[in-house]
Amino acid sequence: MQTIEVRTHAKLQDLAKEMKRYKVEKCEMKDLPTALHIPVLHPCMESEHLRIMIDSQRGTMMASTPAQTDLQVIDDITECLNSDKKGLDKLIVNLRLQLCLLRCEKSIQYLQTSCLRHLPLINLDNHPLDTLGPHRLYIRIPKQSSHYVVLSLREKKDRCVEYKYYLVETTACTADGTELDLSDDIGAKLFRSAGRLLPLDTFAFTHGPYSKVFDDDEETEVELQRRKRKVLLGEMEEPHAKRQKGAAYYVPELSYILASCEERIPLVAVGHEFERNGVVHSGIQVDSEGSCFCLSILSLPDVEGCNKRACDGLKKALLSLKLRILNKPSRNWIVEFLFAKAPLETTNKKESGPVQRVIFMHELNLDNLKKVVKEVIDEWYSICHLYSLVADFAEIYNDQRSGLRSTVDVHSYSYRKLTLVYGPNRSSLIHIQWKSDSKQFVVTFGTIGPSITINPHVIMSTQIQQELSCHRNLAQIAQVLHDTWSPLMSINKLANIIMHAPIANNTNRLAQSFCVIPQSTTHVRISYRSISSIDVHFRSNKIVAIESSKVVEGFNPISLLKAFLNMYVDDAIIGRHNRRMSTTEDDSPSSPVGMDTMDMFSLSSGPSMGSPASRQRQDGGLRFPSPMTPPSNPHTPASPSAARMSGIAPSPSTALIGTPSPGTLLGAGSPGNPQLHVPSPSSFVPTPSPGSLGIHMQSPASQFMGSQGMEGSPFASSGLAMPSPGQRNWPNSPSVPGPSPVSRHGTATSPGHPALHSPQTMKDGEHMMGHPSRVFTHRSWAASIPTLLSHNAFDTLLTPLGPGKVTSPLERFFGCVLFTRNLPRIIQNEENLTLVRSSDANVVMFKVENLQFRVSFNATTLQSLHMNTTNLTDSRDPFPTELINILERFFEVKVATHPYKVNALRAFCRLLPLPSRILKDCIQIMRLEMMNETRNTKWTVAFCLTIPPSAASIAPAGAAAIAVKQKMVLMLQLTRADVQLPPGVEPQSIIVQLLYDFNANTVIQMEVPSRNQPAQQPTQAHMAVSAFLKKIEMHQTTSECALFPTVHKLMQGLVIPG
């Protein structure tokens, strides 16, 4: 063994001497058995040494490498060492390159990539890749599916290995080279087609700004000898040996190139897409402090449809525009706009600096770069459009004379969104943005800070958005928001509940109680149950104008609306619009023919409708200035000519103005009756007629001709333009303010009978008749003349009042109008109810066998209905006054009240034609409900006029709960009254369904099986009521009506177990 060991050492020493020819490092013999360690790389780890051992039995050499045991080149080296050793130098170079490839594979093993020695390329022949050496590596770039870094190795002089890097783009394809999407075959695209091969400059990658990979260059031979001489001479001390940073196998430039390509490829691709869209950029740059790569945009295109001056100003304010890539938590584009200080000062502290950043984020997808570039350009368009709007607004807002600073505050302006706050407490806000896809401004409303309700302008967002996009006047929008905030807050107080539609025999149709329909930024339509509607116009100076919606728009005219609204005209409107405004003439003027009760000179705050002369108020001041001409109305006949008016003496001013005067009409039904004082024309100065202005106006004379049946003007087609009297304020003619010659020529009196003179022209001591209440008659264009209300009055009109604050004055008025409109229909559909013709369209009169009823508005408030009940003169069984009062009170309190159910009115009307003895019992039950008597009773009683949800098995919920044929069905609600309950606990309540037989005079509980449902077990309350009613029926001996006694006994003695 010793001999073998000596021979082994000798043989290995000879081999070590030979290896110096191949320019390897110093060889060492170590280990047991002895092995020659040959480092083929510099620096070289021990696992990378070429180990050569001697076989102790055969004496042959064996080569190995600990780093890789299955290398073919190792076997070739072993064979060469045991032969003539020809070609050993090439094998050593091949081993060196193979170990370098292993180093590269180890360097990227922890990266999100894959490394391959070969790719299934179908076009490798005649491709530049084929010219590279056999020692190459294909490394897929992280997060890229089609780009690869090709690493090619070759040996340079002095045993150095040269690393060459290339970038190649591949495309997935089939074996025959087609690139069709064969989604059904998963393995169809297993091959790849290589594209352009780009060499990468390693020095530029590793020596760029903030990308220094190597600390210092390696020390040259001259510098090494110089350093050693200084150490030997004692001029310097020997420095400590430098420690290698990281493992020797790690290739730092490879990892950096992969990471750099990962960041650069998306930026390069998006840069090319920007160039195709005409956007100039400066190429890929290293961002500040080397944090990442970025793409800087140098210039952006002009924006079509945007102000050129504003667009240039925005480009000057744009300091930089950069695109970056965000890798965590997901890969996204980060687009950063850097702007100078905005032209508007905001209350946001984050926007108070000298520069302002606007950041957008987009999904990073190389397959859809066109979408990303389009979105970036659209963002620029959005910023530019909003900036042009803000620039114009800033000029007005920064001007102290405009007063906009007291109207709105600029809460935030981030170049992509503008936020304004407004309202008395600055609690409402509006966000404004530009949307490129819809090419318009988009506004959203909200609140800030403590707010009791939502932003009132939410319902107006569409109209405000259209107005802003069309006119681009933000100052005007700000003023509109300020002027409409208060009335819209009042509109928000309206109830918005679902009610049954007031249509006969239709309980399934539902409608909203109030529905607000915006028409424009200053005009909304308020619909009540989809039947009646009013138009509200918002004006400046805290004024709203209200009028009835037109019939042609699907809504019925509202009678008495003008009179109702005039009750809310306050001093703020009267002082600003100092003119006479009639409460009644605009809504329901009465005809002077045959009328003994007329309020000729009723003064209120409506439009001017009074005497032609300038009249004085009781306080001595002028009540109105010049009147106005009414709008055109197809139902108002035109004025007839004096030649066609038989029996009417023309005014002396006819020669001058051609207008007939009612001066000599002194008949019994004429305005010339001394009992009446009718205003007449007061000026002989020719004045343009409303007909010449395109306005068809009812003439005063047409009212005196009503008994002759004349409908239209005799000159309807003559085209004559007849001048009208001076102030045109006839008692029954509509009038709106207009130029009046009276104000220029003084006051003139009518040349007719003294009784026709205006009250202001009468001498002292003359007696004038009192002003009795007027009889309202219907006029279809009644409320088409707007009524002006202040914001405070409008808020009072829409604010819920009364118990529980559930109904507003407007809702009560609409509810009364709804009842008066549906009551005639109910009377016509019900038996034994006879409609009586009334001279007043706002009054409904009907009768039954013994009673006559008159339903009319409360003249004081017009918010409630009053039913006047009288016994007919030929009544055989007159009703006592006490019962009549109870019936009237029940109608006002329980029927014609919130929520104004038409079916409740229908049920009430079904009670009225009952026989007297039965109706009296029903009135007695009403008395118990109204008086809420609990003395000597266990229960309180109340009529159910509509079907409650708990009894929906009988009829649909909301239908009339009273039905009368040969028998009568009615429902009562019994509520426990003699128990003490803790606070918040409701007393027991049950619904009793009674069936009264007229012939048998018996009252039983109605048994009705559930519709489309299986029969249910009766409840304890149901069984207790049935048993109690049977007990009462057994002991009934009197012949009087059993309805009221039965109900009264139920209230006294009903006991429900449990």
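A disulfide is a pair of cysteine sulfur atoms within 2.5 Å. I searched this predicted model with that cut-off and found zero disulfides.

**Cysteines**

Cys 261 has a relative accessibility of 4%, so I list Cys 261 as buried.

**Nonpolar cores**

I then turned to the nonpolar cores. The largest one holds 174 residues, and the members that touch the most other members are Phe 337 and Phe 943. Helix α8 (residues 369-397) supplies the largest share of this core, with 16 residues. Another core lies apart from it and has 50 residues, including Cys 27, Leu 41, Cys 104 and Leu 200.

What does Phe 337 touch, leaving out residues up to four places away in sequence? I noted among its contacts Leu 300, Leu 318, Leu 321, Val 358, Phe 360, Trp 380 and Ile 383. The list also includes Ser 320, Gln 356, Arg 357 and Glu 379.

**Aromatic pairs**

I counted the ring pairs next, and the total is 20 aromatic pairs. I checked Phe 890 and Phe 908: their ring centres are 6.1 Å apart and their planes stand at 25°, which is under 30 degrees, so I class the pair as stacked. Phe 890 belongs to helix α18 (residues 881-895) and Phe 908 to helix α19 (residues 902-911), so this pair ties together parts 18 residues apart in sequence. Phe 890 has a relative accessible area of 1%, which is under 20%, so Phe 890 is buried. Phe 908 is also buried, with 1% relative accessibility.

Phe 908 has a pair with Phe 891 as well, and I read that one as tilted, with 5.6 Å from centre to centre and 40° between the planes. Phe 891 sits in helix α18 and Phe 908 in helix α19, 17 residues apart, and the pair links these distant parts of the chain. Phe 891 and Phe 908 are both buried.

Which residues do ring pairs link into a cluster? I wrote down Phe 514, Tyr 528, Phe 564, Tyr 568, Phe 813, Phe 814 and Phe 857.

**Charges over rings**

Last, I looked for charged groups placed over aromatic rings. Lys 920 lies over the face of Phe 879, at 5.2 Å from the ring centre. I also found the charged end of Arg 976 over the ring of Trp 939, 5.3 Å from the centre of that ring.

Methods
Residues numbered from 1 in each chain as written. Predicted model: local features only at pLDDT ≥ 70, side-chain atom pairs only at ≥ 80, totals over all residues. Heavy atoms only, no water. Core = buried A, V, L, I, M, F, W, Y, C linked by side-chain atoms within 4.5 Å. Buried < 20%, exposed > 50% of the residue type's maximum accessible area, 1.4 Å probe, protein only. Helix = DSSP H or I, 4+ residues; strand = E, 2+ residues; numbered from the N terminus. Contact = heavy atoms within 4.5 Å. Phe/Tyr/Trp six-rings, centres within 6.5 Å; stacked < 30°, edge-to-face > 60°. Lys NZ or Arg CZ within 6 Å of the ring centre and 35° of its normal.
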